[in-house]
Amino acid sequence: PSSFVQSVQKESFQSKTPRETTQVDGVVENGVHDSPQYQCVDIVLERGTTGLGFSIGGGTDNPHIDNDYGIYITRVIKGGAAQLDGRLSVGDCIVAVNGVSTVNVAHQDAVEALKAAGGVVTL
């Protein structure tokens, strides 16, 4: 399955063409999907000398938002891979790393998935 980043900030939505989105049984593949509540985007980052260039918060053991166990971007580091790419923002929700779901996982499990993802990481 594809990996997605769920954007919870409407102002960070990106424009798309109909060709960029394919939806099959509620699963989005190859690009961007948006609804009234969220937008999903495949983002591929190359790990730099400073890592991926963002910090995360959340998880089943430490919700970042009350009653929401998602893994959220809490900081984008200036000059890091995420900031240079320009698509990730504070408040975005990481729902998978290289095809491994980060939905309803403990914070440390998400950290480990990011660490183990290798040099090129798909979110």
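**Exercise 1. State the accessible surface of the protein chain and the share that belongs to carbon and sulfur atoms.**

Solution. The accessible surface of the protein chain is about 6,900 Å². Carbon and sulfur atoms hold 49% of that surface. These values are computed from a predicted model. As for burial, 38% of the 123 residues in the protein chain are buried.

**Exercise 2. Describe the order of helices and strands in the protein chain.**

Solution. Begin with the count: the protein chain has two helices and twelve strands. Then read the elements from the N terminus, which gives β-β-β-β-β-β-β-β-α-β-β-β-α-β. Last, turn to the contacts with a separation of 6 or more: 58% of them join residues 24 or more positions apart.

**Exercise 3. Locate N67, give its phi, and decide whether N67 is buried or exposed.**

Solution. Step one is the location: N67 sits in the loop between β7 (54–58) and β8 (71–76). Step two is the backbone: phi of N67 is near 60 degrees, a positive value, and the residue is not a glycine. Most residues other than glycine have a negative phi. Step three is exposure: the relative accessible area of N67 is 73%. Exposed means over 50%, so N67 is exposed.

Key. Residues numbered from 1 in each chain as written. Predicted model: local features only at pLDDT ≥ 70, side-chain atom pairs only at ≥ 80, totals over all residues. Heavy atoms only, no water. Helix = DSSP H or I, 4+ residues; strand = E, 2+ residues; numbered from the N terminus. Buried < 20%, exposed > 50% of the residue type's maximum accessible area, 1.4 Å probe, protein only. Contact = heavy atoms within 4.5 Å. Areas by Shrake-Rupley, 256 points an atom, 1.4 Å probe, with all protein chains shown as cover.
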